[in-house]
Every structure is written in structure tokens, then in C-alpha cells.
Amino acid sequence: MENIKDILKDKQQLPQPTKYKWQEQALEIISFLKDGNDYKSSIFKACRDNPNLAQRAVNDCKELNKLYAKYFLKIISKKV
């Protein structure tokens, strides 16, 4: 029989699922961009308001090799 501490430890390590697809997209963008954690709320808002535009902005960042959140947000603000 397993120890109760082991059972609780395993249960706590499970990641919390995201509720919406745009949340998962925002988390991927945040982890992709070098300074994504500094602009977390702005990236979440951009993905919530227009997920397709956010994906195009990430693709532009990848193509130009500008992996910074400021450039991502600059593209978002120009296209809105």
C-alpha cells in the first residue's frame, strides 16, 4: 500500500488544464519570446482579443528572428 504523502505528492504535480484555446496559445507565445514573462498580461490580452492576429505576429517574429515581446506587441498594435 502506498504512503498517503506519495499519493498527494503525485496529485499536486499534475498541471492545471487551460480553459480556453487562446490561453494555451498565449502560454506558448510567452515561453517562446525571450522577455515574454515581463509582458504576460499584454500577450494574454492580445491572444484573447484576436488569436489569429497573434499567431501571425508570432510567425513574423520567427521569420525576422526578433524574439522579443516588444516587437510582438508592436506588430499587434499596427495591425489592429
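User: Which residues does Gln 25 touch, not counting residues up to four places away in sequence?
Analyst: This is a predicted model. In it, Gln 25 touches Cys 47, Pro 51, Ala 54 and Gln 55, with residues up to four places away in sequence left out of the count.

User: Where does Gln 25 lie, and is Gln 25 buried or exposed?
Analyst: Gln 25 lies in helix H2, which covers residues 21–32. Its relative accessible area is 12%, so Gln 25 is buried, the limit for that class being under 20%.

User: How do the axes of H2 and H4 cross?
Analyst: The axes of H2 and H4 come within 11 Å, and they cross at roughly 20°. Angles under 35 degrees count as roughly parallel, and H2 and H4 are therefore roughly parallel to each other. The crossing in which H2 passes H4 is left-handed.

User: Which residues make that contact?
Analyst: From H2 come Gln 25, Ile 29 and Phe 32, and from H4 come Pro 51, Ala 54, Gln 55, Val 58 and Lys 62. By class, the contact of H2 with H4 has five nonpolar, two polar and one charged residues.

User: Staying in H2 for a moment: what about Glu 24?
Analyst: Glu 24 is also found in helix H2. At 44% relative accessibility, Glu 24 counts as partly exposed. Glu 24 and Phe 44 are 20 residues apart in sequence, and their C-alpha atoms are 9.5 Å apart in space.

User: Phe 72 interests me. How many residues separate it from Gln 55 in sequence, and from Asn 59?
Analyst: Gln 55 and Phe 72 are 17 residues apart in sequence, with a C-alpha to C-alpha distance of 9.9 Å. Asn 59 and Phe 72 are 13 residues apart along the chain, and their C-alpha atoms are separated by 9.5 Å. Asn 59 is placed in helix H4, and at 31% relative accessibility it counts as partly exposed.

User: What about the loop between H4 and H5?
Analyst: Asn 65 has its place in that loop. Its phi is near 55°, a positive value in a residue other than glycine. Asn 65 counts as exposed, at 59% relative accessibility.

User: How do the axes of H3 and H5 cross?
Analyst: Helix H3 covers residues 40–49; its axis and that of H5 come within 11 Å and cross at roughly 35°. The crossing of H3 and H5 is left-handed. H3 contributes Ser 42, Ile 43 and Ala 46, while H5 contributes Ala 69, Phe 72, Leu 73 and Ile 76. By class, the contact of H3 with H5 has six nonpolar, one polar and no charged residues.

User: Finally, the whole chain. How many helices and strands are there?
Analyst: The secondary structure comes to five helices and zero strands, and read along the sequence the pattern is α-α-α-α-α.

User: How much of the chain is buried, and what is the accessible surface?
Analyst: Buried residues make up 26% of the 80 residues in the chain. The accessible surface comes to about 6400 Å², and 51% of that belongs to carbon and sulfur atoms.

User: And what share of the contacts comes from residues 24 or more positions apart?
Analyst: They account for 48% of the contacts in the chain with a separation of 6 or more.

Notes: Residues numbered from 1 in each chain as written. Predicted model: local features only at pLDDT ≥ 70, side-chain atom pairs only at ≥ 80, totals over all residues. Heavy atoms only, no water. Axes fitted to C-alpha atoms, helices over the stretch in contact; angles between N-to-C directions. Helix = DSSP H or I, 4+ residues; strand = E, 2+ residues; numbered from the N terminus. Left-handed = near helix turned anticlockwise from the far one by under 90°. Contact = heavy atoms within 4.5 Å. Nonpolar A, V, L, I, M, F, W, Y, C, P; charged D, E, K, R; others polar. Buried < 20%, exposed > 50% of the residue type's maximum accessible area, 1.4 Å probe, protein only. Areas by Shrake-Rupley, 256 points an atom, 1.4 Å probe, with all protein chains shown as cover. Parallel < 35°, antiparallel > 145°, perpendicular 65-115°, else oblique.
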